[in-house]
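This briefing describes one protein chain and its ligand contacts, for reading beside the sequence and the model. Points are grouped by topic.

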Amino acid sequence: MSSSVVQGVLAGEVLTASRLMRDLDDGSPSALLALKELYRHGGRSRVVGVTGSPGSGKSTLVSALVRLLRQAGKRVGVVAIDPTSPFSGGAILGDRVRMQEHASDPGVFIRSLATRGHLGGLTRSTADVVTVLDAMGFDVVLVETVGVGQDEVEIARSAHTTVVVMVPGLGDEVQAIKAGILEVADILAVNKADRPGADRTVRDLEMVVPGKSSGGWRPPVLRTVATSGEGIPELWAAVEEHQRTGTQGATALQRERARAEHLFLDILHDRLGRVVDAHLRRGGGLEERVTRLVERSADPYTLAEEVLSEIVRL
Ligand SMILES: Nc1nc2c(ncn2[C@@H]2O[C@H](COP(=O)(O)OP(=O)(O)O)[C@@H](O)[C@H]2O)c(=O)[nH]1
Ligand SMILES: [Mg+2]
């Protein structure tokens, strides 16, 4: 089963890929086997993260980028992550509507992920979907995430280039600094630049973006109007410029190493966590240990060491 799935994904079969993504979500062992093989066929897609507050226009911007890339003959995968979807279904539906013009285009693959109800965490599911899209041969994979919370920052870190989307006049720049989102920005897009206050926001952001990195890159602050497509070619030119800067010297390799290390450690920590959970469930030692903690007849540090030594002995 797994090898026909692998062949199908490598051949770019949409149905095979969709089924594999669903099976991965369900934790299917044969899907994992296929993923293991697919990873080794990947590494060619350029992964671009698009992150920012809800309503800042990320989906519209992604859709405009898809249009531009399709005109240039590129095949594009899109991963849209939205925290509100499991409750209403509305946000993902909204994204689908915004991206509807691409829905029947065979050169575009759109996958929506909900942030809740996922096994193994959002970062992992996203990474798995990106691995599949990469193996399918998409030139570019755009990952849309809401720029709040640790998971989203982690996802931004796993992209080759991360675009942070802001809007004029909301004091967003201050919030961005607080949330640490500027640290992950390779490019800042002040979207809704058709609204008042865009100049001011661009100026404010230019004052707070970090200086040049060791690779010689300083995040540019660009204005976009995602609804009209204004500034979108310039935005993509900046993405390409960032990737070119990265490919001179060591920075591209450093980024690739950081992405690989990040994914590897994430999987390892996840697996170790599962080993610990399974051990506690099997041994039934959890309840009893909690009782001792509450009674203060034991401390959590010693009990954690005890559990680890039990696992290592196995
Ligand atoms: N005026 C204006 N509205 C925009 C622009 N980009 C997006 N919007 C609107 O902002 C709303 C939210 O956009 P959406 O792409 O769903 O934002 P997301 O939540 O960040 O994905 C929609 O009504 C869009 O039509 C823009 O550049 N200018
Ligand atoms: Mg959206």
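In what follows, buried means under 20% relative accessible area, exposed means over 50%, and partly exposed lies in between, judged with a 1.4 Å probe and the protein chains only. The model is predicted: local features need pLDDT of at least 70, side-chain atom pairs count only at pLDDT 80 or more, and totals for chains, interfaces and linings use all residues. Residues are numbered from 1 along each chain as its sequence is written, chains are lettered from A and ligands numbered from 1 in the order in which they are written, and side-chain values use heavy atoms, with hydrogens and water left out.

**Overall build**

- The chain has 14 helices and 7 strands; these are DSSP runs numbered from the N terminus, with helices being H or I of at least four residues and strands E of at least two.
- Of its 314 residues, 46% count as buried.
- The accessible surface of the chain is about 16300 Å², and carbon and sulfur atoms account for 55% of it; such areas come from the Shrake-Rupley method with a 1.4 Å probe, and for residues only the protein chains shown count as cover.
- A contact means heavy atoms within 4.5 Å. Among contacts between residues at least 6 apart in sequence, 74% join residues at least 24 apart.

**Magnesium site**

- Ser59 (OG) and Glu144 (OE) coordinate the magnesium ion (ligand 2) at 2.1 to 2.2 Å.
- Ser59 belongs to helix α4 (residues 58-71) and Glu144 to strand β4 (residues 140-146), so that this pair links distant parts of the chain, 85 residues apart.
- Both coordinating residues are covered: Ser59 counts as buried at 6% relative accessibility, and Glu144 is buried with a relative accessible area of 3%.
- Donors are N, O and S atoms within 2.8 Å of the metal (3.2 Å for Na, K and Ca); because water is not among the atoms, sites may look incomplete.

**Arg111 and its surroundings**

- Arg111 is found in strand β3 (residues 108-114), and Arg111 counts as buried because its relative accessibility is 16%.
- The side chains of Arg111 and Asp25 meet in a salt bridge (3.1 Å, N to O); the term denotes a side-chain nitrogen of Lys or Arg within 4 Å of a carboxyl oxygen of Asp or Glu.
- This bridge links distant parts of the chain, with Arg111 in strand β3 and Asp25 in helix α2 (residues 14-25), 86 residues apart.
- Asp25, at 25% relative accessibility, counts as partly exposed.
- Leaving out residues up to four places away in sequence, Arg111 touches Ser18, Met21, Arg22, Asp25, Val78, Val79, Ala80 and Val129.

**Other salt bridges**

- The structure holds 11 salt bridges.
- One of them joins the side chains of Asp105 and Arg70 (2.7 Å, N to O).
- Asp105 sits in the loop between α6 (90-98) and β3, and Arg70 in helix α4; the pair links distant parts of the chain, 35 residues apart.
- Arg70 is partly exposed, with a relative accessible area of 26%.
- Glu310 and Arg289 also meet through their side chains in a salt bridge (2.7 Å, N to O).
- Here Glu310 in helix α14 (residues 300-313) is linked to Arg289 in helix α13 (residues 285-294), 21 residues apart.
- Glu310 counts as partly exposed at 23% relative accessibility, whereas Arg289 is buried at 10%.
- A network of salt bridges links Arg289, Glu306 and Glu310.

**Ala189 in strand β6**

- Ala189 lies in strand β6 (residues 187-190) and is buried, with a relative accessible area of 0%.
- Ala189 and Val221 are 32 residues apart in sequence, yet 5.9 Å apart in space, C-alpha to C-alpha.
- Neighbours within four places in sequence aside, Ala189 is in contact with Val163, Val164, Val165, Met166, Leu222 and Thr224.

**Nonpolar surface patch**

- Phe264, Leu265, Leu268 and Leu272 make a nonpolar surface patch of about 360 Å².
- Patches are made of residues with over 30% relative accessible area and no salt bridge; like charges are joined within 9 Å, and nonpolar side chains (Val, Leu, Ile, Met, Phe, Trp, Tyr) within 5 Å.
- Leu265 has its place in helix α12 (residues 251-283) and is partly exposed, with a relative accessible area of 31%.
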